Amino acid sequence: MECRVLGALIEKALATPQQYPLSEQALLSACNQTSNREPVTDYGVTDVRRGLIGLRRAGLAREMHQPGARVEKHRHTADDALEVGTEALAVLGLLLLRGPQTPGELRTRSTRLHPFASVADVVGVLDDLAARQPPLVKRLERRPGQKESRYAHLLGEDEDDGASAFEQPAHERPAAELAPRPEAAGQPPGAPPTGEREGASDGSADVAALRAELADLRERVAALERRIDGG
């Protein structure tokens, strides 16, 4: 969920800067749009709020209070937090929104975000991101019949051989802090076995959702108090 929200913020910041930052409703539409998304999601406002809370805790998003605006808006801070430029940001945004892709696919799909002169330029960005410590992307094993290797981001939850982290429904997945995964640094993954996740009670999920909404409400109250104190 955090990955989809972050990807949508990155995409809109680069593709439509005149409409950025985004309100919750605009961000909801961006997350659920049927084009340039894999898979297509059906999030609600509460899902997007939980995603924003996770991103803010990870230092990857901020809430903006614009003079005269009726609602708060939101922007990503991935460029500063991850120390990446526009080229790398465009690549990461596409990987967050559409899952693992080949360099050729990334070049074709990046036109509105950042035009690359050649596939080699995309590979260069991917190699730089993979060489980071900890790495931000990884190259996947080439599948039978494929001419190019696919690349996957290393933000958020685990992906089985590059399978999209969004395939598991949001209400079945614990909220993930967006940080390079432990196995990217040579450590064993810390996710619980599937059986343990399936055995979790529905009550625990409800409590987690309520806590997330309560934390968001507290942030909003604090922001309102700051605005009142500031006159």
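How are helix 5 and helix 7 oriented to each other, roughly perpendicular or roughly parallel? The model examined is predicted, with local features requiring pLDDT of at least 70 and side-chain atom pairs pLDDT 80 or more, while totals for chains, interfaces and linings use all residues. Residues are numbered from 1 along each chain as its sequence is written, and side-chain values use heavy atoms, without hydrogens and water.

The protein contains 9 helices and 4 strands (DSSP runs of H or I with at least four residues, and of E with at least two, numbered from the N terminus). Of its 231 residues, 44% are buried (under 20% relative accessible area, 1.4 Å probe, protein chains only).

The axes of helix 5 (residues 86–98) and helix 7 (residues 119–131) come within 10 Å and cross at roughly 85°; axes are lines fitted to C-alpha atoms over the stretch in contact, and angles run from 0 to 180 degrees between N-to-C directions. Helix 5 and helix 7 are therefore roughly perpendicular (65 to 115 degrees). The contact (heavy atoms within 4.5 Å) involves Glu-87, Ala-88, Val-91, Leu-92 and Leu-95 of helix 5 together with Val-125, Leu-126 and Leu-129 of helix 7.

Helix 1 (residues 2–15) also packs against helix 5: their axes come within 8 Å and cross at roughly 135°.

Notes:
Buried < 20%, exposed > 50% of the residue type's maximum accessible area, 1.4 Å probe, protein only. Parallel < 35°, antiparallel > 145°, perpendicular 65-115°, else oblique.
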